[in-house]
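Me: I would like to learn how to read a protein structure step by step. Could we go through it together?
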Amino acid sequence: MKTVLVWVLFGAATLLFSGCVETPDSPGRVGAIFDDVPAPLGFAMDRQQTYGHTYPALRVYTQVFRGRTTVESVAEYYKAQMPVNDWTLASADEASKENVKLSYTKDVEICTVNVYSESIDSTVVKIVIGKK
């Protein structure tokens, strides 16, 4: 029993003190990786398509979430939430109701939020954060 406890504590300490993480866990904002880039309620992170790195002054990340709501309502969610988190809308491509692309800027970063319909009952949110 003590051996199992030691290995569990060792594993937890290794995860806690490891440096760069390829697929980070959410800090708790409804599946979001970063506090200033929210995830829609009810959407699950696709860990196989979420990856990136954080540098001292810049994040380079791709985050993918999947859920069951309309593209329009998810796009409206980001239009309301991103400015609250100090992102400024740079462009919006809403030519199609099935594929909306919103680009935001903040300091040295650009954040592109692409919301699209994958099937009749599945919506995907792909967020790409990088250098302007």
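Me: Does tyrosine 78 count as buried or exposed, and at what relative accessibility?

Reply: The general idea is a set of cut-offs: buried means under 20% relative accessible area, exposed over 50%, and partly exposed in between, with a 1.4 Å probe and protein chains only. Here tyrosine 78 has 0% relative accessibility, so tyrosine 78 counts as buried, whereas tyrosine 77 is partly exposed, with a relative accessible area of 25%. Of the 132 residues of the protein, 35% count as buried. Please keep in mind that this is a predicted model, in which local features need pLDDT of at least 70 and side-chain atom pairs count only at pLDDT 80 or more, while totals for chains, interfaces and linings use all residues. Residues are numbered from 1 along each chain as its sequence is written, and side-chain values use heavy atoms, with hydrogens and water left out.

Me: Which pattern does the protein follow along the sequence?

Reply: Helices (H or I, at least four residues) and strands (E, at least two) are DSSP runs, numbered from the N terminus. This protein has 2 helices and 7 strands, and their pattern along the sequence is α-β-β-β-α-β-β-β-β.

Me: How many residues does the largest nonpolar core have?

Reply: In soluble globular proteins, nonpolar side chains tend to be buried together. A nonpolar core is a set of buried Ala, Val, Leu, Ile, Met, Phe, Trp, Tyr and Cys residues joined through side-chain atoms within 4.5 Å. The largest one here has 24 residues, and those with the most contacts inside it include Phe65, Tyr78 and Ile127. At least two residues of this core come from each of β3 (58-67), α2 (71-84), β5 (99-106), β6 (109-119) and β7 (122-131), and the largest share, 5 residues, is supplied by α2.
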